[in-house]
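The sequence and structure come first, and the notes follow.

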Amino acid sequence: MDDEPIDKQDILNELEELHKLDHDYADGRILGSMCTEAHPFAKEVYCKFLDTNLGDPGLFKGTKHIEKEVINSIGELLSLDEAYGNIVTGGTEANLMAIRAARNHARKYKGITNGEIIIPESAHFSFKKAADMLNLKIVEAKLDENYKIDVESVKESISDKTVAIVAIAGTTELGLIDPIEEISKIAFENNIYFHVDAAFGGFSIPFLRELGHDLPVFDFSLEGVCSITVDPHKMGLAPIPAGGIIFRCEEYLEVMAVDSPYLTVKTQSTIVGTRLGASSAATYAIMKYLGKKGYSNISQNLMGNTKFFSEGLKELGYEIICEPELNIVAFNHPTMDTNELAEKLENLGWKVSVAKCPVAIRVVLMNHIKRNHLEELLEDLKDIY
Ligand SMILES: Cc1ncc(COP(=O)(O)O)c(C=O)c1O
């Protein structure tokens, strides 16, 4: 830090220069991000709530009410009448809370002290962080030939140490939805906590289903589902950071509660203490502003772009890994090494993401990627071919 204060304009100029090094969503060149530019109205509201702290909700009763309303609205979207949970920093924190709830619940009611969690091979790496922090062992369930969690493998993985089973509604790499109904049954019959990670799919699957897309049910209407992660800062168009964790019952929050002596509330169940109220307010605003109709239109439009892109790839001779269920397309050149293809695209200015399982170029068709960007991308892929 400098000894003397620096002029505001000089600081802004310096920051502006550094900001220029960042990539801009509006260029349509960021192909692998699950986040996108937040809606301008959500950003406006976010700024108004910058000083609110939900870590001390007695001081911010209005903002706490907003968070509860947001949780209820997301819960309603997921077929839950009375929802519990929090708006947190993202999918990682939401998944961590879910696994912590499962672990504590199993410790309290089943006496399990050295627990295991069953996750699909396609699970986001946030579960590895959660297992590490919570001292749990990961048991990976295999994927079937369609890259979805293999139900038999889940059954075989269950032991008397299992504290949670996880399935994904919108996998990070391929955007696929696991057979959640079947896993829910297994979890329910075995009295095991079942968490659904819909960080990506939560803000699109409900709308696409209503529009008639043939997508499986993944929500609280399945009796085995105990919690769901849904991120407003992905398909919800809220500013970063905004993740959502929704629990079926309050008990799951209670098993995580620790005393919070100097605050306006007696206990706290979230992982972080001081936490943003702005994320809740911005999510509240954008959910009201867009409504179901707005989100339906966005999801439908993105699926249109997904179809346009995947069909275009096929016409050029590229190989699609799987028919997209959500707005992600993964593909390869029939003979060229994936990393070589990625490098060629990077050299043409595209910010490419490479999936690991299976190795493929992965494009997440978020709101910032418009038709003209896809046409340009297909032109480049034609030249490369
Ligand atoms: C399915 C899924 N879960 C969790 C996460 C983690 O979310 P975040 O990066 O917001 O912590 C991601 C991120 O892409 C994801 O795709």
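## Basis

The model is predicted.

## Ligand site

The shell around the ligand holds 14 residues, of which Thr92, Thr172, Asp197, His233 and Lys234 come nearest. By type, the shell divides into two nonpolar, nine polar and three charged residues. Helix H4 (residues 91-110) supplies the largest share of the shell, three residues.

A side-chain N or O atom of Thr92 is 2.6 Å from a ligand oxygen. For His233, a polar side-chain atom lies 2.9 Å from an oxygen atom of the ligand. Gly91 takes part through its backbone, with a polar atom 3.0 Å from a ligand oxygen. On its own the ligand has 390 Å² of accessible area, and the protein covers 84% of that.

## Salt bridges

Side chains of opposite charge can pair when their charged atoms come close. In the whole structure, 16 salt bridges are found. One of them joins Glu76 and Lys292, at 3.5 Å from N to O. This pair links distant parts of the chain, since Glu76 sits in helix H3 (residues 61-77) and Lys292 in helix H10 (residues 278-316), 216 residues apart. Glu76 is exposed, at 51% relative accessible area, while Lys292 is partly exposed, at 47%.

Glu17 and Lys20 form another salt bridge, with their closest N and O atoms 3.0 Å apart. Here Glu17 is partly exposed, at 48% relative accessible area, and Lys20 is exposed, at 55%. Between Glu346 and Lys351 the closest N and O atoms of the salt bridge are 3.0 Å apart. Glu346 is partly exposed, with a relative accessible area of 30%, as is Lys351, with 27%.

## Nonpolar surface patch

A nonpolar patch on the surface is formed by Ile6, Ile11, Leu12, Leu15, Leu18 and Leu21, which together have about 580 Å² of accessible area. Among them, Ile11 lies in helix H1 (residues 8-19). The relative accessible area of Ile11 is 35%, so this residue counts as partly exposed.

Asn372 belongs to helix H12 (residues 371-384). Its relative accessibility of 42% makes Asn372 partly exposed. The C-alpha atoms of Asn372 and Gly28 are separated by 8.9 Å, although the two residues are 344 residues apart along the chain.

Definitions and conventions. Residues numbered from 1 in each chain as written. Predicted model: local features only at pLDDT ≥ 70, side-chain atom pairs only at ≥ 80, totals over all residues. Heavy atoms only, no water. Patch = residues over 30% accessible without salt bridge, like charges linked within 9 Å, V, L, I, M, F, W, Y side chains within 5 Å. Areas by Shrake-Rupley, 256 points an atom, 1.4 Å probe, with all protein chains shown as cover. Salt bridge = Lys/Arg side-chain N within 4 Å of Asp/Glu carboxyl O. Helix = DSSP H or I, 4+ residues; strand = E, 2+ residues; numbered from the N terminus. Buried < 20%, exposed > 50% of the residue type's maximum accessible area, 1.4 Å probe, protein only. Near = heavy atom within 4 Å. Polar contact = N/O pair within 3.5 Å; in protein donor to acceptor, adjacent residues only side chain to side chain. Nonpolar A, V, L, I, M, F, W, Y, C, P; charged D, E, K, R; others polar.
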